[in-house]
Amino acid sequence: MCNNPLLKDPYQQLDDYIDSIPYKKENLILILHRAQEIFGYLPDKVQWHIAQKLDLPSAKIYGVVSFYSFFTMKPRGKHVANVCMGTACFVRGSEKLQKEVESQLGIKTGQTTEDQLFSLDSVRCIGACGLAPVMTVDGKVHGRLETTADIKQALAKYRPEGTPEEAKGSNSNI
Amino acid sequence: MDIQLTINDISLTVPAGMSILDAARTINIDIPTLCYLNLHEMRLNNHIASCRVCVVEVEGRRNLAPACSTPVFDGMVVKTDTQRAILGRRTMVELLLSDHPKSCLTCPKNLDCDLQALAADLGVRNITYEGEESEFSIDKSSLAIIRDPNKCIRCRRCETMCNDVQTVGVYSAVGRGFETVVKTAFDLPLHDTSCTFCGQCVAVCPTGALMELDQVDKVWKALNDPTRYVIVETAPAVRVALGEGFGLEPGTIVTGKMVAALRRLGFDRVFDTEFGADVTIMEEATELIHRIEHGGRLPILTSCCPAWVKFFEHQFPDLLDIPSTCKSPHQMLGVLSKSYYAETYGIDPQKITVVSIMPCIAKKYEAARPELGQDPVTPDVDIVITTRELSRMIREAGIHFDLLKEEDFDHPLGESTGAAVVFGTTGGVIEAALRTAYEWLTGKPLENVEFEPLRGMDGIKEAVIPIGERDFRIAVTHGLGNARTILEKIQSGESHYDAIEIMACPGGCIGGGGQPYHHGNLEILEARANAIYQEDRSKPLRKSHENPAVLKLYQDYIGEPYGEKAHQLLHTSFTKRPKI
């Protein structure tokens with residue numbers, strides 16, 4: 001048996017985790033967090049696997065996963081962008097920011113780009129109101145995103161070098 | 001500890017912890033409810049307070065309180081009939097209706113819908129709230145249950161029934177906020193889940209969100225096709241419930257009127273599923289004795305209930321060898337109609353349509369199981385309709401049911417004994433089997449045919465019945481949660497029984513998913529059970545092996561019970577299925 005977690009079958013990793021904790025059914029959310037860490041998302045197959053392992057109805061697992069916005073049933077992009085829709089960002093135009101990010105990435109909030117590079121979501125307040133409107137990418141805060149160029153610049157940092165989108169945008173306000 | 005409170009200026013003393021709703025009921029004050037459902041005997045208590053229809057005023061409390069889930073306290077002052085409370089309730093119903101299809105006239109639940117009744121009772125005259133309406137696709141995948149989530153009011157009674165009582169767990173509330181709706185795992189079509197099609201979700205759904213697959217028009221089509229020879233058969237539990245659809249008291253026995261109505265509808269032969277039940281006992285009692293004499297695996301489990309069969313196929317696939325291999329009585333009657341009866345009377349079996357009238361929704365699914373037929377184009381039973389659907393057909397035909405003169409079933413597949421009648425309620429199948437097994441094993445007549453310890457509404461009943469030298473350990477359960485408890489004890493080796501009867505629906509077939517709606521009143525089920533036992537007592541023959549028509553069937557056609565021909569026609573096999 002190989003002990004290197006990198007080489008271990010992801011289902012085996014998940015089972016090992018479940019086996020290691022007491023009160024399994026009671027810790028469903030904890031287990032789902034771990035599963036999302038391992039698989040990147042929670043497809044039906046993974047949810048079903050957890051249902052069998054915990055002897056819980058699959059519908060119950062699905063109900064929990066669908067309730068919490070942190071859990072995702074679709075594969076996520078390499079980078080996850082979150083536009084803040086909290087009150088301060090909202091009054092500073094985060095709705096426009098969201099639309100512009102959606103247009104630059106060519107997806108709607110909640111979706112993932114075809115090249116699997118970006119997923120876009122929205123969050124409530126992240127406590128960076130002084131920098132409003134803000135967007136986080138992989139947890140890093142990008143503030144005062146007021147022009148299309150600001151947004152292009154912020155996103156370009158996550159694109160592989162030399163891709164066309166890296167070109168400078170205009171300085172027009174969004 | 002008791003506490004004192006006043007409701008509408010009436011002072012009363014009730015136990016602490018009681019809800020306002022229950023306290024009000026003790027002094028005959030009715031507070032309207034919708035999502036709330038407490039079926040104590042079934043251990044179903046849905047008091048999630050999601051609909052807010054039962055709101056009342058509580059002195060000192062800022063907002064209105066849901067009566068179903070607010071406990072009383074000492075000195076509490078409650079008003080259930082103030083303008084604020086009444087308008088509050090009306091507003092709640094209006095809000096529910098704002099996201100509900102306004103298609104009551106064409107809804108299959110028309111005139112049987114709790115939401116519709118509330119709108120009428122609470123004086124809803126227009127819906128002032130306009131806004132987004134849910135748009136879900138209708139799930140028509142299964143052969144038994146239709147799900148229309150657009151009509152779901154998120155009361156979650158179905159979920160409570162499926163999870164807590166039946167322990168099948170097919171449903172869950174999915175999503176959040178306005179998007180929330182009760183769905184299956186991964187939004188799979190119901191057909192692809194572990195659903196047993198017991199139909200108890202349909203029995204408790206207050207609206208038309210969960211309905212049986214309507215097959216009435218298929219029956220009309222067959223009846224109007226002159227090339228078809230249409231045979232109908234009726235289950236025991238139908239005759240003690242059908243009258244409710246015509247305003248008769250629950251528990252009224254309408255066997256003769258039902259037969260007359262079926263003849264008026266145009267069926268060529270009116271047979272009785274009870275004949276099939278007597279044949280089932282011939283087979284099952286022989287199978288039990290065979291297992292005892294040949295060291296076969298015990299306990300033997302009854303297999304008459306198709307929802308129970310599907311339950312163990314999904315949930316206990318390692319126990320597939322213990323249920324009896326007998327087909328269910330209506331399947332036996334179907335196959336005998338198309339073989340024995342057809343051959344005896346010179347009718348082409350390909351021209352026979354068998355229609356079963358059942359208290360059950362799962363029978364629709366069962367009849368379509370591919371192994372339950374002689375070949376793919378000759379299923380044992382062609383169409384299954386529920387008690388509710390038959391009641392509608394009788395109204396569609398303009399028959400005055402209560403004025404009909406009583407008539408008898410047709411020969412020979414309409415002959416039955418009291419043992420077959422009791423199949424319709426919990427404990428009945430095993431009681432019928434014991435009446436026969438006793439006499440076969442001891443060679444002595446059984447004087448008292450009524451096995452009291454096996455009767456009644458307790459979820460799990462156990463008894464030791466001495467037969468000759470041997471003590472038979474018997475268990476009877478109804479409700480799939482109780483069945484699970486028993487099966488787990490068998491798996492772990494904790495319990496040892498010789499025979500177990502299992503029925504999926506609480507109360508047995510009298511409480512089937514296809515029966516007239518009980519709307520939360522379980523006294524109706526007791527009245528039906530009493531009627532079943534009354535019908536049994538009224539029969540001159542009360543043991544299946546004394547049914548002369550059944551004996552003739554074996555003599556002329558089948559040969560030995562549990563023999564080769566019997567296996568070919570009357571027995572079946574089970575399939576391992578995944579748990580989803």
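Me: What makes a residue of chain B count as buried, and what share of the chain is buried?
Reply: A residue is buried if 20 or more other C-beta atoms lie within 10 Å of its own, exposed if 12 or fewer, and partly exposed in between, with C-beta atoms placed from the backbone. Buried residues are 52% of the 580 residues in chain B. This is a predicted model: local features need pLDDT of at least 70, side-chain atom pairs count only at pLDDT 80 or more, and totals for chains, interfaces and linings use all residues. Residues are numbered from 1 along each chain as its sequence is written, while chains are lettered from A and ligands numbered from 1 in the order in which they are written.

Me: What share of chain A is buried?
Reply: Of the 174 residues in chain A, 25% are buried.

Me: Why is chain B called as compact as a globular protein of its length?
Reply: The globule rule is 2.2 Å times the number of residues to the power 0.38, and the radius of gyration is taken over C-alpha atoms. For 580 residues the rule gives 25 Å, and the radius of gyration of chain B is 25 Å, so chain B is as compact as a globular protein of that length.

Me: How many helices and strands does chain B have?
Reply: Chain B has 18 helices and 21 strands, where helices (H or I, at least four residues) and strands (E, at least two) are DSSP runs, numbered from the N terminus.

Me: Which pattern does chain A follow along the sequence?
Reply: Chain A has seven helices and four strands, in the order α-α-α-α-β-α-α-β-β-β-α.
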